[in-house]
Structures are given as structure tokens and as C-alpha cells.
Amino acid sequence: MKQMWQSGRTGEAHAKAGTLIEALPWLARFHGATVVIKYGGNAMTEEALREGFAEDIVFLHYAGLRPVVVHGGGPQISSHLDRLGIESTFTAGLRVTTPEAMQVVRMVLVGQVNRDIVGLVNRHGPFAVGMSGEDAHLFTAERKHAVVDGEPVDIGQVGDIVRVDPGAVRALLDDGRIPVVSSVARGEDGQIYNVNADTAAAALAVALQAQKLIVLTDVEGLYANWPDDTDVIAQLAAGELEAMLPTLSSGMVPKMEACLTAVRGGVPQAHVLDGRVPHALLLEIFTNEGIGTMVMPS
Ligand SMILES: Nc1ncnc2c1ncn2[C@@H]1O[C@H](COP(=O)(O)OP(=O)(O)O)[C@@H](O)[C@H]1O
Ligand SMILES: CC(=O)N[C@@H](CCC(=O)OP(=O)(O)O)C(=O)O
């Protein structure tokens, strides 16, 4: 009886040690690596998952990586607009942003979502520092000229990032902090701009020459035949993704464009992961199988 109990315990201990040791080559490979993580509004709805996300970010920090969080908050903005009786409309996955809506976007992203993430991470130590993309000229944007079916469409104060100054983010990283960035940008015309958070994360990953861009969302990855959700594409090259882009719909368009921008801009790997899976970040970075969809330059 005692013998059986011991062998059961030994097996369990072996499995635990196996999981830890599987991480060793990945810890070695990514030691010191900058990783930009896009945290989408749809992936931040459950409290337990949000706490798990914060744990993962702090784990990355202690494991010697340099995580940078760029967050969205689309659903949170929409529910606030809804409470104010303002309708949300999207064109090609981007919010049509009136000056009135822009004030709400900024208030919700910078004043609410950013604060919540910073608070969750800082339960573990004095690491997270929140920033708006407006701060220290981090993101400079110009008004986006959207085109739908060949026709120009006015989508308001939506910005295209034309310049990134990552100096303040680098300084925070060098100081051992975890920057948490909202996707609001300044314009040289004195306006502020609403930038899709996937787009902002990709621009920052390129400017920092990050080792990885990781986009957390609420699907398993890129489905081959959406709305059919049986086949998740595990890996694809930039050229294959480019060919697929015109077939994609809604929120996946900016997400996959962001992955393409990142790898074309020198980031070796871009991933789309399911933020509903507890500790998805750790599974992707530190296990041999990885999860979700990975985009590579070729
Ligand atoms: N090919 C596809 N694969 C996966 N999801 C897709 C695809 N095409 C469209 N989608 C939709 O895109 C959504 C993700 O975008 P979005 O809702 O903007 O997420 P987030 O808030 O995380 O940025 C999915 O929930 C899904 O409804
Ligand atoms: C221009 C544009 O669409 N901006 C987004 C910014 C937030 C965002 O991208 O949030 P998710 O990552 O949760 O989708 C918006 O207003 O919803």
C-alpha cells in the first residue's frame, strides 16, 4: 500500500518536473526578449481570467523577459456609449469615432481599462506603469482615410499611426517596469485619435524590435473557414496571410493586418491566442506545442 502511494506521488512529481523542465529551452531563448502583448477587450471579461493574465505578465517579468502590454477595450467603450445613448457603428472592424465618442474612448481606455490592468499587475509588486499613446509622443497619428468598396468613407477621429517614439517605453523597461499602453494617439494637428489596439500593438512591436507580438482575443486563433470554427490555422507565412486578408471579416481584419505588419517590420513571430484559456500566454511561450495561430515572415 505504502509502495503504491509512493509511486503515485513520484509519477505526479515527475510530471510536474517535466512541465518545468520543458520550459528550460524557451526560458533560455527568450531571456531578455521584449514581448508586446495585445490584450483585447473581449479577453478581459472574467475576473479569474484577468487575474490569470496579470499573473502571466508578472511571471514573464520574473522569468527575465520584457513584457509590454497594449490594451483595447472595445466592448467596454461600446457599453459606456450605450449608457449615454450613443450608438456604436463599425466600418471594416473600426469604430466610427465622432468627437463626442472620442471623449468616451479616451475616458474608458485611459481612465478605466488602463487603470484596471495596472492595478491587477501591481498586486504582485511595483511593476506596471500606465501610459496613454499620447504620452511622450509615443504614438503620432493622422486621420485615417477609409475606403469601402472603392468609395472613401468618413470614419471620424480614427487614426493611422505615422510615427512611434518608443523612448519612454524603453526607459520603463530598462527600469524593470511593465509598461501598460492605451491605444490613443496624438495628432500633429492638435486632435486626438482613436487607434485600433491591434494596430497600435503592432506599431509598438516594430518600433521596439520585439521578439514576439502576441494578440489575445476570444477565439482559438485564425479559423481557416470562418464562421466554421473547426479548423484553427496553427502556423502560416506572411505571404499566405496576405492572400487570406481580403476574405476575413470584422475584428479579425485589424488583428491579422497587425500580425502581418509586425512580421514584415522585423518581428520574428506574431501570434493570435485565445485569452479565454487560463494562462494562454505561458502555454504559448514556455511549452513545445504552443497554442493559437503563429505568423512567421516566410
Ligand atoms: N477567420 C476568422 N477566425 C477567427 N475569428 C474570426 C474570423 N473572422 C472573423 N472573426 C471574428 O473576429 C472576432 C475577434 O475580433 P474582436 O471581436 O475585434 O476581438 P478583440 O476584442 O479581442 O480585439 C472573433 O470573435 C470572430 O467573431
Ligand atoms: C478605431 C477603433 O476601432 N478603436 C478601438 C479601440 C479599442 C480596441 O481596439 O479594443 P479591442 O482590442 O477590445 O477591440 C475601439 O474604439 O473600439
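A nonpolar core is a set of buried Ala, Val, Leu, Ile, Met, Phe, Trp, Tyr and Cys residues joined through C-beta atoms within 7 Å. Keep that idea in mind as you look at the structure above, which is a predicted model.

Let's start in the middle of things. The largest nonpolar core here has 83 residues. Those with the most contacts inside it are Val 36, Ala 201, Leu 204, Ala 205, Leu 213 and Cys 259. Helix 5 supplies the largest share of this core, eleven residues. To see how such a residue is surrounded, pick out Ala 201: leaving out residues up to four places away in sequence, Ala 201 touches Val 36, Lys 38, Val 70, Leu 213, Val 215 and Ala 258.

Now find helix 3, made of residues 47-62. This helix has 16 residues and reaches 23 Å from its first C-alpha to its last, close to the 22 Å expected at 1.5 Å a residue. Which of its residues are buried? They are Phe 53, Ala 54, Asp 56, Ile 57, Val 58, Leu 60 and His 61. Just after helix 3 comes Gly 64, with a positive phi of about 95°.

Four strands form an open sheet in the order 9-6-11-12, and their pairing is mixed. Strand 9 (159-164) and strand 12 (192-194) are the edge strands, each pairing on one side only. From one strand to the next, the twist averages 50°. Helix 7 (residues 197-208) packs on this sheet, where it touches strand 6 (139-143) and strand 9. The direction of helix 7 makes about 15° with that of strand 9. At the other end of the strand order, strand 11 (residues 184-187) and strand 12 pair in the antiparallel sense over three bridges. Within strand 12, Ile 192 stands opposite Arg 186.

Finally, visit Lys 212, which is found in strand 13 (residues 212-217). Is Lys 212 buried or exposed? Lys 212 counts as buried because 22 other C-beta atoms lie within 10 Å, and the cut-off for buried is 20 or more. Setting aside neighbours within four places in sequence, Lys 212 is in contact with Val 35, Val 267, Gln 269 and His 271. Ala 202 lies ten residues from Lys 212 along the chain, and their C-alpha atoms are separated by 9.8 Å.

Methods
Residues numbered from 1 in each chain as written. Chains lettered and ligands numbered in written order. Predicted model: local features only at pLDDT ≥ 70, side-chain atom pairs only at ≥ 80, totals over all residues. Helix = DSSP H or I, 4+ residues; strand = E, 2+ residues; numbered from the N terminus. Expected span 1.5 Å × (residues − 1). Buried ≥ 20, exposed ≤ 12 C-beta atoms within 10 Å, placed from the backbone. Contact = placed C-beta atoms within 7 Å. Pairing = 2+ DSSP bridges. Axes fitted to C-alpha atoms, helices over the stretch in contact; angles between N-to-C directions.
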